[in-house]
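Hi,

Here is the structure I said I'd pass on.

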Amino acid sequence: MSGENWRQERKTLLATLGPPLFWLTLFFLVPLAVVWAYSFGRNVGLTEIEISGTFANYAQAIQPLYLGIFFKSMLMAAACTVICLIAGFPVALAITFAPDKAKAWLLLAVMLPFWTNLLIRTYALIAVLRNEGYINLTLGWVWKQVGLVLNVPPFVPLEMLHNNPAVLFGLVYVHLPFMVLPLYAALDRLDRSLIEASLDLGAGHFRTMMLVVVPLALPGILSGVLITFIPALGAYLTPDLLGGPDSQMIANVIERQFKRANDWPFGAALSFLLLYLTFVMVAVQALIQRRRGAR
Amino acid sequence: MSLRSEHSRRSILAGMGIAAVGLTFGLEGCSKEKTAVAGGEEAKLNFYTWDTYIGKTTLSDFRTKTGIDVNMSLFATNDELFAKLKAGNPGFDVIVPSNEFVQRMSQADMLMPLDHAKIPNFKNVEPAFVNPEFDPGRKWSMPYTWLVLGIGYRKSKVQGVPDSWKYLFDSDQYKGRIALLSESADVMRLGARYLGHSVNGLDQATIDQVTAMLIKQKPNIKAFHEDNGQDMLLAGDVDLVLEYNGDIAQIMTEDPDIDFVVPKEGSLLNSDCLCIPKGAPRPNNAHAFINFLLDGKVGAEIAETISYPTPNAAARALMPESYRNNPVIFPSGVGFDKSEFGKFEGAEQQSAFETAMTKIRAA
C-alpha cells in the first residue's frame, strides 16, 4: 500500500521535475559544457576551435594583468555590496514596519526599475549625470541665481560621468533591489515580540538592532550580499557606458575576447575563472549557514 | 569596426534585441503576383545589414521592379556579423561587412565569389574603389559606402584646427576633454601612424610603443567611447573625439560649432561592402539586389537617407551640391591623401591589439 503510494509519488515527482530538468540540461548545462570545453581549446584558423586539452588559456588568464582586473572587479563589486547593504537595510526595515497597505506599494516601488530594461536605465543615468545633464543644469541655474546677488566665479560643471565613482553609483543603483528584497523577506519573518522584549528590558534602539535584529536577519543579509555581489562582479554594461578610460571590469574583457579579439578559448577560460570564484562564494555562504544551523 | 552614429544611436534598440528580430518589408502588397527570377529561385532575399543603412523606398522599389521580397535583419558590429556566420550561413543572401572583414571572411572561406557579368552597374563605381587592396579585382565585394576616421571637435573650445593626432594621443593641451574610439585595432593603427609607421604591418615592438604612449596619455583621456563619440561631442562631454566623418557630418547640421578634420599624418579609411556569404540560398537574387543597389538613382536615394559618402559616381552626380561638395562627407587635403585602408593581418595581430587595449585600460 505504502509502496504503491511511493511509486505513484515518484511518478508525480518525475512528471514535475522532468520538464525543468530537461530544460536545464539542454539549454544551460550543455551550452555551459561547450564553453567549458572551449576553455581547453585553441584557435585553428579564423573559424575553427580545436579542443586540444591545453591549459594555455588558463595560464594566460592568471597573468598579473588579468588577475589585477579580477581584483579590481571584486573591489568594485564589494564596494557596491557594502553600499547596497547600508542603504538597503533601513529601506527593508521601513517596509517591514510599514502598514500593510503601504507595504505592497513600497515593494512595488522597489521592484519598479525591473520593469525597464537595464540599457534604458543606464542611458537615463547618462542623461542625468553628464556635464550638460539634469543635475549640472539645475546646479548651473542655482549658481546663476546666486550670481545675481553675490559675485561668484562662473559655474564649472561637476564631472560625474566617465569615472570610477560613476560606475559604482550605477552598480549600486542597479543592484539595490537585489539587496532590499531578501532583506525584507528575512526581516518580515522576524518575531516582533523579541524586539519588544529587548526594548522592554532596557536595550536602546541601536543595541536592539545590532544584537537582536541583525543576528536574526543574518541569513537574509548573507543571501542579499551574495545575490548583489555576484551580478555586480559580472557587470558589463555599467562600466562600459558610465566608466572612464580605466573603468573596465572583467566582464568587459571577456566580452571583447568573444567579439573583437575573436579568441573564444581565452574568453571561455576567463568566464570559467569567474564561475569558479562564484562557486567558492556560494560554498562559503552554505558553510556559514550550516554552521549556524548546527549551533 | 565601423559603427556609425545611427548604429550607435540605435544601440538602445539593438541591446533590447529588437534589431535581432529582423523586420520584414514589403509584405503590405501581398496581392501582387510574384514573378520568378532567373534561376527559378524563390522570390525572396535575406539581407543582413547595419541599422538605418538603406534608403526609405529602396526595398519596396526593388520589389516593384523584380517581385523579390527583401527580408532585412540587422547587426550592430562586424564582430556580431562574423560570429553569426562563423558556424555556417544561417540563410543570408547579402551581407554588408567592412573592408577588413571582407578580407577576414574571404580568408576564412566564408564568402562566395561575385559574378561580375550579373553586376553591370559596377561601371558606376568611382575609380578609387574599383580595385582596392583589400579585395583585388573586386572578387568578393562591391562597395556600398566609405568613411574616414578623424577628429571631430568643438570650434569654440579648441585653438585653431587640431590637425594632428598629437592632440588626441600625445599632448595634455586638452586634458579631460578627449574621447577615443574603443576599437583596439583603429586606435593602435592610428597611434602607429602618428609615430611615423604605416597603419598596416604593425609588429609587437610598434604595438608596445603605441601602448606606452597611450598609457602616458590616459590621464588626459576622458573616455573610450562605443562609437557614440558624436553624441558626447554634441552634449558637451568632450571637445575632441576620434570619430568617422559621416557621424560628425550628421551632428554638424544640428550644431554649427562642430567641425571635423582628417589629421595631417593620415588616417584610416573604411568601406562597407556588399557580399554574398557562402551557402547563400538565392545567389541569383543576391546578384540582382547588389546590382540594383549600385544603380545611380537607387544609390542617390540611399545617400539622401543615410548621408554617408558614396563610392558610386553616378549616385554622387545625382546628389545636391550640399552633399556632393561637403568637405566633411568628402574630405580632401594632405591628411586624406595619406589615408589608407586597414588590412586584416591575422588573428595573432588582432589578439595583440586587444591585449594592448586591455593593458592600457588596466594601467
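Predicted model: local features only at pLDDT ≥ 70, side-chain atom pairs only at ≥ 80, totals over all residues.

**Two helix pairs in chain A**

Helix 8 (residues 192-200) of chain A packs against helix 9 (residues 205-216) of chain A at an angle of about 145°, and their axes are 10 Å apart. Axes here are lines fitted to C-alpha atoms, for helices over the stretch in contact, and angles run from 0 to 180 degrees between N-to-C directions. Helices (H or I, at least four residues) and strands (E, at least two) are DSSP runs numbered from the N terminus.

Residues are numbered from 1 along each chain as its sequence is written, while chains are lettered from A and ligands numbered from 1 in the order in which they are written.

Back to that pair: helix 8 of chain A and helix 9 of chain A cross in a right-handed way (left-handed if the near helix is turned anticlockwise from the far one by less than a right angle, right-handed if clockwise). On the helix 8 side of chain A the contact uses A:Leu194, A:Ile195, A:Ser198 and A:Leu199, and helix 9 of chain A brings A:Thr208, A:Val212 and A:Val213. Contact means C-beta atoms, placed from the backbone, within 7 Å.

The other pair is helix 7 (residues 164-188) of chain A with helix 10 (residues 218-233) of chain A, at about 160° and with axes 8 Å apart. Helix 7 and helix 10 of chain A are therefore roughly antiparallel (angles under 35 degrees count as roughly parallel, over 145 as roughly antiparallel, 65 to 115 as roughly perpendicular and the rest as oblique). Their crossing is right-handed. Their contact residues split into 13 nonpolar, 5 polar and no charged (Ala, Val, Leu, Ile, Met, Phe, Trp, Tyr, Cys and Pro are nonpolar, Asp, Glu, Lys and Arg charged, and the others, Gly among them, polar).

Chain B has 17 helices and 11 strands, and 52% of its 363 residues count as buried (20 or more other C-beta atoms within 10 Å of a residue's own; exposed is 12 or fewer, partly exposed in between, with C-beta atoms placed from the backbone).

At the interface, 28 residues of chain B are in contact with 28 residues of chain A. Helix 17 of chain B gives the largest share of the chain B side, 8 residues. That side comprises 10 nonpolar, 8 polar and 10 charged residues.

Cheers

How values were computed: Contact = placed C-beta atoms within 7 Å.
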